[in-house]
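Subject: Structure handover and notes

Dear colleague,

I am passing on the structure below for you to look through before we talk. My notes on what was found in it follow directly after.

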Amino acid sequence: MDNEKQTGSCLCGVVTYEFNQSEALSAHHCHCRDCQKITGSGKATILLVPSNSLTVSGDLKFYTVEGSAGSHVSRGFSSECGSQLISYVDENPDLKFIKVGSIDDSSWVSISSNFWSSTANPWSPADDSVHCFTHNPDFA
């Protein structure tokens with residue numbers, strides 16, 4: 001396997017994707033309430049990848065909500081098994097957020113920070129060994 005190419009899929013394998021590892025920008029834990037609800041967990045772990053680096057095969061279904069900062073977040077999932085794979089902020093479609101747990105081999109991923117540490121639960125606290133943003137970071 002080419003170390004540069006990374007692959008991932010939903011649980012049933014009906015949706016697959018690939019991207020170049022060298023083009024991945026950073027990885028983060030998001031503890032916002034929406035990520036908690038959508039994952040059924042304390043956080044979502046996401047890898048930021050430029051959209052033009054990502055190729056998806058299969059049909060993703062998207063669900064869009066207005067985020068707490070007023071942006072619109074579209075979350076893509078397999079219509080067959082429901083696995084959440086890729087999301088993005090509608091106002092910035094050039095950047096995709098891959099759910100790290102869906103990457104076939106995510107052992108190389110290193111977490112850069114926590115988003116929304118202010119809403120992290122005591123049973124799933126923000127990792128204070130990396131930078132914690134109390135809300136969304138300002139990427140401007």
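S117 is in contact (heavy atoms within 4.5 Å) with A126, C132, F133 and T134, once its neighbours within four places in sequence are left aside. The residue lies in the loop between β10 (111–115) and β11, where helices (H or I, at least four residues) and strands (E, at least two) are DSSP runs, numbered from the N terminus. S117 and F133 are 16 residues apart in sequence, while their C-alpha atoms are 6.0 Å apart in space.

Please keep in mind that this is a predicted model, in which local features need pLDDT of at least 70 and side-chain atom pairs count only at pLDDT 80 or more, whereas totals for chains, interfaces and linings use all residues. Residues are numbered from 1 along each chain as its sequence is written, and side-chain values use heavy atoms, with hydrogens and water left out.

On the sheet, eight strands form an open arrangement with mixed pairing, in the order β6-β7-β8-β9-β4-β3-β10-β11; two strands count as paired if DSSP finds at least two bridges between them. Because β6 and β11 (131–132) stand at the edges, each with a single partner strand, one side of each is left without a neighbour in the sheet. Strand β6 (residues 60–66) runs antiparallel to β7 and is joined to it by seven bridges, with F62 having G76 of β7 as its bridge partner. The hairpin of β6 and β7 has five residues between the strands, and G70 takes a positive phi near 95° there. From β7 the pairing continues to β8, again antiparallel and over five bridges, with S74 standing opposite Y88 in β8.

Strand β3 (residues 26–30) is largely enclosed by the rest of the structure, because five of its five residues are buried, buried meaning under 20% relative accessible area, exposed over 50%, and partly exposed in between (1.4 Å probe, protein chains only). In a regular strand the side chains alternate between the two faces of the sheet. Both faces of β3 are covered, with S26, H28 and C30 buried on one side and A27 and H29 buried on the other. β3 pairs with β4 in the antiparallel sense over five bridges, the partner of C30 in β4 being A44, and β3 is joined to β10 by four bridges in a parallel arrangement, where H28 stands opposite S113.

Turning to the interior, a nonpolar core here is a set of buried Ala, Val, Leu, Ile, Met, Phe, Trp, Tyr and Cys residues joined through side-chain atoms within 4.5 Å. The largest such core has 16 residues, of which Y17, F19, L47, L85, I86, I98 and I103 touch the most other members, and the elements that give two or more residues to this core are β2 (16–20), β4 and β8. Apart from it lies another core, of 10 residues, among them C32, L48, F97 and W116.

There are also two pockets to report, a pocket being, on a 1 Å grid over the protein atoms alone, an open set of points where a 1.4 Å probe fits, with protein on both sides within 12 Å along at least five of seven lines, and its lining residues having an atom within 4 Å of a point. The largest pocket is lined by 26 residues, of which S71, V73, V89, F97 and N136 lie nearest its centre. The elements that give two or more residues to this lining are α1 (33–39), β4 (44–50), β7 (72–78), β8 (84–89) and β9 (95–99). The second largest pocket is lined by 15 residues, with T39, Q84, K99, G101 and S102 nearest its centre, and α1 and β4 each supply at least two residues of that lining.

Finally, S57 lies in strand β5 (residues 55–57) and is partly exposed, with a relative accessible area of 40%. S57 touches V14, V15 and T16, not counting residues up to four places away in sequence, and the C-alpha atoms of S57 and E18, 39 residues apart along the chain, are separated by 8.8 Å.

Best wishes
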